[in-house]
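Subject: Structure for your review

Dear colleague,

Please find below the structure that I would like to hand over to you.

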Amino acid sequence: RKYLRPSGNESLETIADIGRLAQVSMTTLDASFSYVQGNTLFFRNNVAWWRAQSAAISSLPGQAQKYYAVNMKVAQEAARVAGISSPVEFVIQPTGMSSLPGRIPVVGSGLRGVNRMFSNFVYVGQLEMYKAAKGTADLTGNTELLKKLASEGTAIRKIMGNTAFEELGLTQRRVLAERIALFAPGFFRATMGLLTQAFTRGPGGAEARKAVGSLIAGATAVTIGIHYAFNRKMPNFDNPERSDWGRFRVGNTYYSAFGPFHSLFVTLGRVGQFTSRGEYAKATQAVRRFASGKANPVVRVADHALNFLKEGESETFYGDPIPLSPAGAGQLASEFLPIGASQAVQGIAQGQPGAIAELAGVNTIPLPTKNVLDDISERTYGKPFDQLPRTSKGGEGAQHAAVRGKLNKERPDIVLRGLERDWARIPGLRALERIVPLSVLKKDLRELREATKDAGIRAKIDAIVKEIAAFEKPKKSVAPEPKVPGW
């Protein structure tokens with residue numbers, strides 16, 4: 001008990017324990033560690049990545065005995081010289097709240113197996129990088145090499161998202177505060193620390209620069225190569241306000257090769273762009289979205305609740321609205337389900353089979369409506385949708401209407417998804433006495449129904465129209481009770 005709750009503050013420790021439980025519950029139903037913790041390793045040392053993957057798979061039924069039998073001596077040396085150690089975050093513990101998933105009847109043993117895969121992947125990835133750094137050199141009496149490996153070890157651990165709080169000299173209160181504020185403070189420290197270490201001197205700084213440089217160069221090359229191969233044009237690297245920034249498109253899905261660094265790079269790009277235009281409120285909002293995505297689940301729930309009270313809705317990292325409605329509640333709950341598995345299921349249900357990559361930690365998003373409009377506009381008029389001629393008052397012109405008409409016929413599923421999102425937002429905004437005109441929404445629904453022959457989409461449109469009619473129907477006023485003289 002003293003080990004699990006060292007600060008002695010029961011209420012704060014309970015909040016931190018909830019965060020630890022969320023870590024395990026949201027990351028122990030898939031192999032997302034392959035491209036989350038292993039993202040930088042994939043580009044820095046691909047051979048080590050595959051060896052870590054092999055050790056992880058072989059440890060699903062039990063520990064990777066063969067690998068450790070061969071590498072026992074170097075493993076002891078790596079722990080002593082470079083501080084190579086097993087991860088402490090995202091791991092099912094023997095006691096406390098984070099032990100609950102492993103205790104579930106029947107399912108618990110499978111979850112412990114997947115969690116064991118994660119631990120072995122992170123550990124073996126570090127060990128293989130240490131072996132590559134050491135080479136065949138003899139450490140006996142080699143003081144310079146020992147210092148070099150110790151310095152490089154600090155970067156190697158960060159590459160695999162592993163941070164030991166003890167060696168940082170943090171107080172128990174500081175560690176507790178970080179556990180309450182952040183979803184995964186150790187992993188966050190590792191990813192941010194790798195970037196900052198790249199600007200320092202010494203062998204550790206050199207290794208960090210190589211790792212970050214390999215990641216940026218490799219992920220950029222993969223993004224450009226795959227996107228151009230499938231789409232015959234360059235990916236979006238110049239407008240971070242769009243959700244497809246730094247992603248490559250295959251079919252109806254956009255993928256990110258930047259792993260856990262993608263949201264950070266997007267945030268930095270947005271802050272720079274907004275600041276250059278003097279839009280400081282938007283820059284602050286971009287930072288706030290990034291911070292909210294890294295927060296402890298308890299803090300995130302409180303942040304969403306404040307947004308609902310203030311704005312009538314909340315939003316995702318990419319700015320997509322989370323309405324104050326049953327649909328919004330489901331969308332909000334999905335943010336706290338097992339990450340890879342829930343996003344894969346949701347994507348496949350929306351006609352996005354490529355979302356299966358979420359199970360391996362590759363972040364995906366469905367094809368945005370703006371991108372489809374651009375595709376149709378370029379095919380029809382030879383220019384993006386935003387560059388089509390507008391009316392004298394600045395509104396959308398005839399060519400815009402023609403492109404939207406083709407969108408209704410070619411991709412009614414994407415149009416309906418946007419209209420459903422718009423309708424879900426209205427009741428919550430009306431609750432705050434905001435004026436939300438329904439005439440445009442009803443017009444768009446009518447035009448989409450006329451353009452499509454899909455019976456399923458028509459049925460969904462009819463259901464929304466009925467809900468709108470019930471929403472617009474005036475409520476019967478209740479007559480006040482008659483006043484009784486003398487009362």
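The notes below go from the whole chain to particular residues.

Please bear in mind that this is a predicted model. The protein chain has 487 residues, of which 44% count as buried. Its secondary structure consists of 21 helices and five strands. Among the contacts in the chain with a separation of 6 or more, 65% are between residues 24 or more positions apart.

Helix 6 (residues 107-134) packs with helix 7 (residues 143-159) at an angle of about 150°, and their axes are 10 Å apart. The crossing of these two helices is right-handed. On the side of helix 6, the residues that take part are Gln126, Met129, Tyr130, Ala133 and Lys134, and they meet Lys148, Leu149, Glu152, Ile156, Arg157 and Ile159 of helix 7. By type, the residues of this contact comprise six nonpolar, one polar and four charged.

The largest nonpolar core holds 61 residues, and Phe121 and Tyr130 are the ones that touch the most other members. Helix 6 gives the largest share of this core, with nine residues. Apart from this core lies another, of 24 residues, which includes Tyr254, Ile365, Leu448 and Ile461. In soluble globular proteins, nonpolar side chains tend to be buried together.

What does Tyr130 contact, once its neighbours within four places in sequence are left aside? The residues in contact with Tyr130 are then Val74, Glu77, Ala78, Val81, Ala82, Ile84, Leu139, Leu149 and Ile156.

Finally, two residues may be examined for their backbone angles. Most residues other than glycine have a negative phi. Phe90, however, has a positive phi, near 65°, and is found in the loop between helix 4 (65-82) and helix 5 (100-103). Val106 has a positive phi as well, near 70°, and lies in the loop between helix 5 and helix 6.

Are these two residues buried or exposed? Phe90 has a relative accessible area of 8%, which is under 20%, and therefore counts as buried. Val106 is at 78% relative accessibility, which is over 50%, so Val106 counts as exposed.

With kind regards

Technical notes: Residues are numbered from 1 along each chain as its sequence is written. This is a predicted model: local features need pLDDT of at least 70, side-chain atom pairs count only at pLDDT 80 or more; totals for chains, interfaces and linings use all residues. Side-chain values use heavy atoms; hydrogens and water are left out. Helices (H or I, at least four residues) and strands (E, at least two) are DSSP runs, numbered from the N terminus. Buried means under 20% relative accessible area, exposed over 50%, partly exposed in between (1.4 Å probe, protein chains only). Contact means heavy atoms within 4.5 Å. Axes are lines fitted to C-alpha atoms, for helices over the stretch in contact, and angles run from 0 to 180 degrees between N-to-C directions. A crossing is left-handed if the near helix is turned anticlockwise from the far one by less than a right angle, and right-handed if clockwise. Ala, Val, Leu, Ile, Met, Phe, Trp, Tyr, Cys and Pro count as nonpolar, Asp, Glu, Lys and Arg as charged, and the others, Gly among them, as polar. A nonpolar core is a set of buried Ala, Val, Leu, Ile, Met, Phe, Trp, Tyr and Cys residues joined through side-chain atoms within 4.5 Å.
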